Amino acid sequence: MTQDRDKKIKTLIKELRPELQALSEYIYEHPELGHEEVKSSKAHVELLEKHGFQVEYPYLGIETAFKAVYKGEKEGPSIAYLSEYDALPGIGHGCGHNLLGATDTGAGIVLSKRVDEIGGTVVVLGTPAEETNGDKVTMAAADTFDAVDVAFCTHPSDGYYASGTSMAMEAIEFRFYGKTAHAAAAPFEGKNALDACINFFNNVSSLRQQIHPTARVHGVIKEGGEAANVIPDYARAEFYVRAMDMPYLNKLKEKVIRCAEAGALAADCKMEWGHYEASYKNMITNETLSSLYNEKMQELGIDMITEERDSMGSMDMGNVSQVVPAINPYFEITNGKAVSAHTTEFRDCTLTEEAYQAMEKTIEALTLTATELIMDPKKLEKVKEEFDQTLK
Ligand SMILES: [Zn+2]
Ligand SMILES: [Zn+2]
């Protein structure tokens, strides 16, 4: 029975592969930046509609987001797969989101061919702008996951890493206001906003020694005056503040804001702050779900690297993981070579036969994990228990 089920999934993946490969290659050829993924999102939507999904597009008022749903004939849990398709400036799909999208959308389509028989609902979400202003944040804050039981997103990488953590992050801009004056004739009449901003940077440097080694505070000055003979009346800096969890991030953020206030105070200027990009929460891997996925991978001959991949970056999947049990594992597309993401070399790995085979394996593990959760409610219960315990 189990073997039958597994064989069916394998056959479905083989049948679907040419369409997924075409999807990934089309998106590779047409790289689009965050919130400009018009062609890429449309290509996903067309494929999902062709396979019988009901699609809401645009979704939540976001032009390049979509929500595709396939409801099985039998009741059952709701499984979500999250697709990405944004590219990077200059290097196109250096993060491999062309293949990421094909993999997660592919898993959704394969599972949809099983839920009429075994029960359940499949949701595929098209989540724009992961590299900048990720809309998983918008979706996690809306009602998107209210009726969803578990959520998956898988990412191409240079190894098969189990789902790990990522840093909580806030993107904060600091605006300093002063008063212009002739820098030589009457500097005493001015208030130097750039000095306020530089004080702020120095204050952050003093703070940095006393912050937790895993936390990060880093920024740049985006505006700092126009001419050397004019006292600048405006300066603006953009910062990222990152920490391993939300409580520490909130504490650290307050300290960084005080650094800016003190910088402004010393230069007799005013300071305002606000967010310039969405804030990302830290990724909380559901370990029960992660173990189940890793087991499925092992059955397919892949040992997941379980020194978990703790990312010193931040991702919008973090927000999802704090509203629904979720995992974000990685699959290898670099054929044993150490190739970092965000490079042209990594981008081109997405076109290789090895990468497509990794996509097939990943889709298989993703759908087998979902199938097991649908058919064994006790397992899903365990996943939910862990979620309730970690996030209460
Ligand atoms: Zn990425
Ligand atoms: Zn990236």
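How exposed is L60, in terms of relative accessible area? L60 is partly exposed, at 35%, on a scale where buried means under 20% relative accessible area, exposed over 50% and partly exposed in between (1.4 Å probe, protein chains only).

## Ground rules

This is a predicted model, where local features need pLDDT of at least 70, side-chain atom pairs count only at pLDDT 80 or more, and totals for chains, interfaces and linings use all residues. Residues are numbered from 1 along each chain as its sequence is written, chains are lettered from A and ligands numbered from 1 in the order in which they are written, and side-chain values use heavy atoms, with hydrogens and water left out.

L60 has a positive phi of about 55 degrees, although it is not a glycine. For context, most residues other than glycine have a negative phi, and most peptide bonds are trans.

A129 also has a positive phi, about 60 degrees, without being a glycine. Look for A129 in the loop between strand 4 (121-126) and helix 5 (136-141). A129 is buried, with a relative accessible area of 0%.

## The zinc pair

Zinc ion (ligand 1) is held by C95 (SG), H97 (NE2) and H155 (NE2), at 2.1 to 2.3 Å. Donors here are N, O and S atoms within 2.8 Å of the metal (3.2 Å for Na, K and Ca), and sites may look incomplete, as water is not among the atoms. Along the sequence, the donor residues of this zinc ion follow the spacing C-x1-H-x57-H.

The zinc ion (ligand 2) lies 3.2 Å from the zinc ion (ligand 1), and C95 coordinates both. Distant parts of the chain get linked here: C95 comes from the loop between strand 3 (78-83) and helix 3 (97-112), while H155 is in strand 6 (residues 155-157), 60 residues apart. Both C95 and H155 are buried.

## Helix 6 against helix 7

The axes of helix 6 (residues 193-208) and helix 7 (residues 246-266) come within 7 Å and cross at roughly 140 degrees. Axes are lines fitted to C-alpha atoms, for helices over the stretch in contact, and angles run from 0 to 180 degrees between N-to-C directions. Helix 6 and helix 7 are therefore oblique to each other; under 35 degrees counts as roughly parallel, over 145 as roughly antiparallel, 65 to 115 as roughly perpendicular and the rest as oblique.

Contact (heavy atoms within 4.5 Å) involves, among others, F200 and L207 of helix 6 and L252 and V256 of helix 7.

## Helix 11 against helix 12

Helix 11 (residues 353-375) and helix 12 (residues 377-391) pack at about 105 degrees, with axes 5 Å apart. That makes helix 11 and helix 12 roughly perpendicular to each other. E372, L373, I374 and M375 of helix 11 meet P377, K379, L380 and V383 of helix 12.

## One more residue: K39

K39 sits in helix 2 (residues 38-50) and is partly exposed, with a relative accessible area of 43%. Leaving out residues up to four places away in sequence, K39 touches Y26, H30 and E32.

Conventions:
Helix = DSSP H or I, 4+ residues; strand = E, 2+ residues; numbered from the N terminus.
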